[in-house]
Amino acid sequence: ERERTGQPYASRTIDLDLLFYDDAVIDTPRLRVPHPQIAEREFVLVPLCEILRTKRHPVTGKTPVEMLDELRNRTKNDRILCSLAALLLFAGCFKSTSYDTEYVLRPYVQTENQGPFTSLGGVRAYAFAADTSGWTVASYDDALEGVLTSRRVAGERMDDPVAVSAPCPPSADFPNSMDWIAMHTDRSSLLVVAVDPRYRLYAYRQQAFAENLSPYYVSINFRPWRESYAENGWTVINEFYSDPDAPADPAPGDTPEEGSAGSAPARNTAAYHE
């Protein structure tokens, strides 16, 4: 019998990766559904295109066919970029490089479906020397306080961001810049957390920085009318979402017994072994 070490990609008794659980979205230190790497693995998407061709990802809204097409296009583009990088390598050897960057976050809000986006003030942001593969934000309160939770070690938390946002000096050229916030960094990659106290939403992403590029502008769209979603690299969590179309709780005695003709059908799951 194999001994569990708690380390990723190590020998273990069983390794079962859950792709979907109906349309549920689960993000905890020990379980993430849908599987976060579905869209990055061709050997998963190919069979999914056969058995769940029209199934839509509950966060991105994309089908397996769409995700497979995007993955193959990215792979092709990566090969082209690698070739260009090799051609530029000699010139790059004589160029001074730096990741010293002013990270400018431009927050917007859409308060209703198909409504306009408007500039959103009061947003806070934190940057951590961490990666989303090992760390997450467990709750709105943690996001508000700038605290991460380990995905791998139970109870381990990180509350020492390397950068905290401050108001960005407004620019006459950009009327909405009064709502922008900024952080200074000298790292090539950071886990960035943004939290909106007004509508009680939070978001996080892994942010990579290009060399010799400052300021670095990034936008984020908060949609309080939506449940948790992913967009433009951000995972946005609406912890307090309430479905306006959800039926009221049934009165006592109105719920069908398990196994009766009126009981709900069993949930469909899809899994693969890695």
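Predicted model: local features only at pLDDT ≥ 70, side-chain atom pairs only at ≥ 80, totals over all residues.
Two strands pair if DSSP finds at least two bridges between them, and the strands themselves (E, at least two residues), like the helices (H or I, at least four), are DSSP runs numbered from the N terminus. With that in hand, look at Y229, which stands opposite V236 in β17.

Residues are numbered from 1 along each chain as its sequence is written, and side-chain values use heavy atoms, with hydrogens and water left out. The chain averages a pLDDT (the predictor's confidence in each residue, from 0 to 100) of 82, and 81% of the residues score at least 70. Please take care with residues 255–274, where pLDDT stays under 50; for this stretch the model has 33 contacts (heavy atoms within 4.5 Å) beyond four places in sequence.

Back to the strands. β16 and β17 sit at one end of an open sheet of six strands, in the order β10-β6-β13-β14-β17-β16, with antiparallel pairing. Its edge strands, β10 (163–164) and β16 (229–231), each pair on one side only. Two loops beside these strands deserve a visit. R200, in the loop between β13 (189–196) and β14 (201–208), has a phi near 60°. N232, in the loop between β16 and β17, has a phi near 50°. Most residues other than glycine have a negative phi, and most peptide bonds are trans. R200 is partly exposed, with a relative accessible area of 40%, and N232 is exposed at 59%; here buried means under 20% relative accessible area, exposed over 50%, and partly exposed in between (1.4 Å probe, protein chains only).

Now move to β4 (residues 101–109). Seven of its nine residues are buried, so β4 is largely enclosed by the rest of the structure. It pairs with β12 (residues 181–185) in the antiparallel sense over five bridges, and there E102 has H184 as its bridge partner. With β15 the pairing of β4 is parallel, over seven bridges, and R106 stands opposite S219.

On a 1 Å grid over the protein atoms alone, a cavity is a set of points where a 1.4 Å probe fits but cannot get out, and its lining residues have an atom within 4 Å of a point. The largest cavity holds about 30 Å³ of space, a volume being the space filled by probe spheres set on the points, which are joined across faces, edges and corners. Its lining is made of S219, I220, N221, E231, N232, W234 and V236. β15 (216–222) and β17 (234–237) each give two or more residues to this lining, with the largest share, three residues, coming from β15.

Finally, turn to the earlier part of the chain. A cis peptide bond, with omega about 0°, joins V33 and P34, and P34 is placed in the loop between β3 (32–33) and α1. Further on, T63 lies in the loop between α1 (42–51) and α2 (64–92). T63 is buried, with a relative accessible area of 10%, and touches R53, T54, K55 and R56, not counting residues up to four places away in sequence.

Terms used. 1 Å grid on protein atoms, 1.4 Å probe; cavity = no way out; pocket = protein on both sides within 12 Å on 5 of 7 lines; lining within 4 Å.
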